[in-house]
Amino acid sequence: MSTEKLPHWLDVKAIDTALSCTRIPDKAELRDILDKSLSLTPLTVDETAALMRVEDPSGLRRIMATADAVKQRVYGDRMVLSAPLHLSNHCGSECLYCANRKGNTTVERKYMTSPEIREAGLKLARQGHKRVFLVSGQLPNADVEYLAEAVSILYTLFDGVGEIHSVNVNVGPLNAEQYPVLLDAFVGTVLIYQDTYHELSYRAAHVAGPKSNYVARLNAPDVALEAGVPDVGGGLLLGLGPWRYDLLGLVLHQEHLLRVYDVACRTVSLHRMRPAPGSQMEAPYPVSDAEYLRCVAIARLAIPYAGLVLTTKEPSGLWRDGCGVGASQLLTGSVANPYDGWFLAPGQKVPFPIGEACHVDEVVRFLLEEARHLPSFCAACPRLGRRGQEFLSMVRECGMKSQCGPNSEASFEEFLLHFATPRTREMGERLLVDKLDHMTAQERGAAEKLLQKVRAGRMDEFI
């Protein structure tokens with residue numbers, strides 16, 4: 001164990017104590033915890049751990065149903081779609097589970113050039129995407145200028161119809177003076193995944209390079225917020241550490257950020273470990289499908305205001321079910337799993353992927369057929385500057401649902417008119433009518449006005 005001083009908020013004893021308790025909450029205690037979540041109040045470590053001890057089918061159904069109700073109260077019945085764009089697989093770290101790790105000789109290394117970034121962004125815009133999520137290895141020498149250039153390129157794209165309106169960046173910890181470079185490029189959320197809060201698991205997986213510094217990773221969101229970044233995002237790599245421990249670590253982290261900055265992680269990504277070419281470890285703590293859904297639901301209840309992000313790396317039925325237990329965003333298209341489906345030929349390296357692994361129209365159709373959630377391409381919040389404390393204040397007051405519903409309808413109608421295949425458009429129009437029927441009178445009025453503008457040829461309409 002390292003002698004580095006852990007941040008005071010990571011109370012390992014509190015996590016261990018909560019996990020050592022075996023008392024199953026009775027019906028009254030479970031009701032009180034769920035009611036607290038429904039009031040959009042974050043749960044404590046002990047309350048979150050109590051939910052983890054519920055095993056009876058009736059109690060689990062109540063947890064899942066309440067998680068969906070909390071999500072509906074905050075964001076309404078919509079699922080925001082974003083596209084990951086992999087810029088580079090160069091990396092200065094040696095993370096044993098990752099294809100990008102520095103010592104991996106089985107993959108072809110590449111930085112996308114400016115023209116390639118432009119072309120990849122245009123492919124996404126032509127699919128109908130408005131929100132992009134930049135992904136790379138932890139770049140050598142923290143090449144923040146390269147990331148800022150990519151952000152700027154994407155914001156300038158226009159193919160006659162489609163445009164990118166929100167660009168988030170997944171980046172390793174930067175120095176305080178580097179963040180203004182990204183802010184000057186109008187970056188959205190800066191995503192810094194902890195992967196696991198379990199120190200032994202973290203150090204066993206991250207053996208060299210910048211990401212091996214466990215304490216620096218824990219402190220990275222503080223550095224970003226103090227440097228003026230309005231929105232940070234967190235994430236867990238489920239299976240790398242014990243998922244219950246990691247979820248309690250996430251709860252403590254959010255408590256700290258709220259206490260000090262009056263803002264916490266705007267989004268939390270929940271990804272499971274996947275096999276990757278050249279990786280040197282399998283998941284030490286495999287997470288089953290049932291455990292994954294429990295983790296999503298409990299995360300929604302514990303941190304009700306956060307945007308919970310799933311990915312189409314999961315089996316389609318699982319991310320469909322995840323949409324119904326608290327998830328609010330979905331990463332899809334443009335190589336969501338960068339090496340899935342790439343096979344290593346004898347004597348050859350796995351090529352760097354440029355293109356789309358699954359077209360967004362396919363995902364939208366699946367949502368329409370299987371999940372009955374409203375696909376949303378809305379980028380109103382970044383366009384209106386709803387960030388940081390202002391955004392969180394709106395969420396706490398249930399202010400997002402009244403905007404998210406109408407804005408999602410308008411952005412989806414724009415997708416249906418300009419980007420969808422005929423079958424998807426037919427299904428989507430029926431869903432829009434159905435969702436209108438379930439809106440409040442105020443929400444429906446706002447949605448119908450926006451839809452009228454979109455059908456008249458207006459683009460990017462929102463309130």
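What gives the most to the lining of the second largest pocket, and with how many residues?

Reply: Helix H16 gives the most to that lining, with five residues. This is a predicted model, in which local features need pLDDT of at least 70 and side-chain atom pairs count only at pLDDT 80 or more, while totals for chains, interfaces and linings use all residues. Residues are numbered from 1 along each chain as its sequence is written, and side-chain values use heavy atoms, without hydrogens and water.

The second largest pocket has a volume of about 530 Å³ (the space filled by probe spheres set on grid points joined across faces, edges and corners). A pocket is an open set of points on a 1 Å grid, for a 1.4 Å probe, with protein on both sides within 12 Å along at least five of seven lines; lining residues have an atom within 4 Å of a point. Here the lining has 33 residues, and those nearest the centre are Arg131, Ser166, Arg266, Cys381 and Pro382. Two or more lining residues come from each of strand S1 (78-88), strand S4 (166-170), helix H14 (380-384) and helix H16 (399-418). Helices (H or I, at least four residues) and strands (E, at least two) are DSSP runs. By class, the lining holds 13 nonpolar, 13 polar and seven charged residues (Asp, Glu, Lys and Arg are charged; Ala, Val, Leu, Ile, Met, Phe, Trp, Tyr, Cys and Pro nonpolar; the others polar).

Now the helix contacts. Helix H5 (residues 114-127) packs on helix H6 (residues 144-155) at about 40°, with axes 9 Å apart (lines fitted to C-alpha atoms over the stretch in contact, with angles from 0 to 180 degrees between N-to-C directions). H5 and H6 are therefore oblique to each other (under 35 degrees is roughly parallel, over 145 roughly antiparallel, 65 to 115 roughly perpendicular, the rest oblique). The crossing of H5 past H6 is right-handed (the near helix is turned clockwise from the far one by less than a right angle). From H5, Ser114, Ile117, Arg118 and Gly121 meet Tyr146, Glu149, Ala150, Ile153 and Leu154 of H6, where contact means heavy atoms within 4.5 Å. These contact residues divide into five nonpolar, two polar and two charged.

Helix H3 (residues 45-52) and helix H10 (residues 243-261) have axes that come within 10 Å and cross at roughly 155°, and are therefore roughly antiparallel. H3 passes H10 in a right-handed crossing. On H3 the contact uses Val45, Thr48, Ala49 and Met52, and on H10 its residues include Trp243, Arg244 and Glu255. Eight residues of this contact are nonpolar, one is polar and two are charged.

Helix H11 (residues 289-302) and helix H12 (residues 316-323) cross at roughly 25°, their axes coming within 10 Å, and are therefore roughly parallel. Asp289, Tyr292, Leu293 and Val296 of H11 make the contact with Leu318, Asp321 and Gly322 of H12.
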